[in-house]
Amino acid sequence: MKKLIKYLKECVLEMKKVAWPNKLTIVSYTKIVLVTTIVFAVILGLVDYVLLKGVYLVF
């Protein structure tokens, strides 16, 4: 039980050392992730469409 308490205390101490991002940074990174995800989804969708049309031409 002592090891568990020691571990939890050390976890709390380490979490206090973490440099947490502010709200503006989180919002900015979230926008970047969403835009990147949408761009890649559109690109993959177009590639899928073109390849599907190519397969239909072959068969």
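Reply: Lys 17 is exposed, because its relative accessibility of 62% is over the 50% cut-off. In this predicted model, the side chain of Lys 17 meets that of Glu 14 in a salt bridge, with 3.3 Å from N to O. Glu 14 has a relative accessible area of 46% and is therefore partly exposed.

With a relative accessibility of 41%, Ile 5 counts as partly exposed. Ile 5 also belongs to a nonpolar surface patch, together with Met 1, Leu 4, Tyr 7 and Leu 8. The accessible area of these five residues together is about 560 Å².

The wider setting is as follows. The secondary structure of the protein consists of two helices and zero strands. Of its 59 residues, 0% are buried; a residue would need under 20% relative accessible area to be classed as such. The accessible surface comes to about 6,100 Å², and carbon and sulfur atoms account for 76% of that surface.

The overall dimensions complete the description. The radius of gyration is 24 Å, whereas a compact globule of 59 residues would have a value near 10 Å. Along the principal axes, the C-alpha trace spans about 70 × 35 × 10 Å.

Conventions: Residues are numbered from 1 along each chain as its sequence is written. This is a predicted model: local features need pLDDT of at least 70, side-chain atom pairs count only at pLDDT 80 or more; totals for chains, interfaces and linings use all residues. Side-chain values use heavy atoms; hydrogens and water are left out. Patches are made of residues with over 30% relative accessible area and no salt bridge: like charges are joined within 9 Å, nonpolar side chains (Val, Leu, Ile, Met, Phe, Trp, Tyr) within 5 Å. Accessible areas come from the Shrake-Rupley method with a 1.4 Å probe; for residues, only the protein chains shown count as cover. A salt bridge is a side-chain nitrogen of Lys or Arg within 4 Å of a carboxyl oxygen of Asp or Glu. Buried means under 20% relative accessible area, exposed over 50%, partly exposed in between (1.4 Å probe, protein chains only). Helices (H or I, at least four residues) and strands (E, at least two) are DSSP runs, numbered from the N terminus. The radius of gyration is taken over C-alpha atoms; the globule rule is 2.2 Å times the number of residues to the power 0.38.
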